[in-house]
Amino acid sequence: MERASFRTGIIHSSTKNIAHRAARSGIQASAVAHGRRINREGMPNLFHFYQILTFTSEILTDDPKNNVSEYIYDKLDKNLHLLSDHPLGILKTVIQEYFARTGDNKPFTFYDNLAPVVSTYANFDSVLVPVDHISRSSNDTYYVNENTVLRCHTSAHQLELLKAGSRRFLVTGDVYRRDSIDATHFPVFHQMEGVCVFEPEDWKSRGISSLDLANSELKSTLEGLVRHLFGEIEMRWIDAYFPFTDPSYELEIFFNGEWLEVLGCGVMQSSILEAASLGDKRAWAFGLGLERLAMILFNIPDIRLFWTNDSRFSNQFKAGMFRAGGLGMRKFSSYSKFPPCYKDVSFWLAKDSTRFTENTLCELVRDVAGNLIEEVKLIDEFYSPKLDQTSNCFRFTYRSMERSLTDEEVNRLQEQVRHRLVSELEVTLR
Ligand code: FA5
Ligand code: MG
């Protein structure tokens, strides 16, 4: 289950954002420029028109709404999907090649460079996300300020590209979500958005309804993609809900003993097309998680590996290594893992404070431990009627991908976490 998924409901608590604010002002976002450095004063060199706008203001600020951590900020210039020998770059290229072939004589356009700092309008309103939808909360999304966020999905670019005249396109980019921590979830990951618009003659010439055309083209295109990538593999369609599509589906693939959700998709809501003056047309759209597909394709067991600098990882990936259907393709062979270190912490939640949430806890731990935190897991929860209070016990798994951790180092991290749990999340340690 995706916690911050677009298919789920309404904000239930007015969670306050408590992000740590150490020495953050003065860090200029314009230094980042999404893989293409922008010089501070001047204009970016050669950007497509919609890339120019963002990154001119600060990203780490004291704005009361700002909840971007330095850990996340550091990820903004990484652009793993632009590295041709990185598994994400390899997979992106393979998918683009697949779409280059399926577009009959109407080719798909590829956008890999759209900046991840977008307006709340683009991220939410332009794709009909209701004002009370859970994904808008500061518990789930990184806000730069009231009107600006780190995009939490590539759907943020649908409307602007339709308005700019694109009819078939793929957008690949980094997306950001405050989320839980485990082997398949990371607060920064990469999505590829696909959109394809059909003309009235497309469905009339086939004698079917516009909805049936979009629906069947969507499913056959994506099933074809999955077969191209994986050959014979178990997959299943799940009915889903997204504000921007109807009907909506998710596709799951069986991997490492469980069903892994790899993409969401559907027939685009007409009102989005109308907003782009395309009211007489129909379209499908999908958004897929590149990490999830790459994990299956290359047999990568942990999503954090995409961020490692260890040459034992990077040496195993090379542009052009993909083989259709995965047949005869070299998979990732895991090198030995360093030992984990477990730390439990139990605490009472404050009765009249909404500061504590699991996402905020994860964010806090990540802020302290960076890549050294592998998993945060709730292992016990109970309510004491006598105290009228709830107790949680969390287990933290610390592990480095690169080396053995020492006891002292983990104890120091855990001490900081415990301290900040009390001072920032208002819990009482047990
Ligand atoms: C979306 O983001 C929709 N915008 C997708 C979409 C586009 C639907 C167009 C319809 C039309 P969702 O929140 O389910 O949906 O995320 C899409 C995919 O991103 C998931 O299927 C999963 O593969 C991946 N994903 C989601 N959260 C994470 C995470 N924390 N870490 C890694 N991958 C994730
Ligand atoms: Mg989902």
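How many residues lie between β12 and β13 in their hairpin, and which residue in the turn has a positive phi? The legends below refer to a predicted model, in which local features need pLDDT of at least 70, side-chain atom pairs count only at pLDDT 80 or more, and totals for chains, interfaces and linings use all residues. Residues are numbered from 1 along each chain as its sequence is written, while chains are lettered from A and ligands numbered from 1 in the order in which they are written.

**View 1. The hairpin of β12 and β13.** Four residues separate the strands, and Asp388 in the turn has a positive phi of about 55°. Strands (DSSP runs of E, at least two residues) and helices (H or I, at least four) are numbered from the N terminus. β12 (residues 373-384) pairs with β13 (residues 389-398) in the antiparallel sense over 10 bridges; pairing requires that DSSP finds at least two bridges. Leu378 is opposite Phe394 in β13.

**View 2. The shell around ligand 1.** Among its 28 residues, His153, Phe189, Gly264, Gly287 and Gly289 come nearest; a residue is near if its C-beta atom, placed from the backbone, lies within 6 Å. Elements giving two or more residues are β6 (188-198), β8 (245-255), β9 (258-268), β10 (282-289) and α8 (290-298). β9 gives the most, with six residues.

**View 3. The contact of α10 with α11.** Residues of α10 in the contact include Leu361 and Leu364, and those of α11 include Leu413 and Val417; contact means C-beta atoms, placed from the backbone, within 7 Å.

How values were computed
Two residues are in contact if their C-beta atoms, placed from the backbone, lie within 7 Å.
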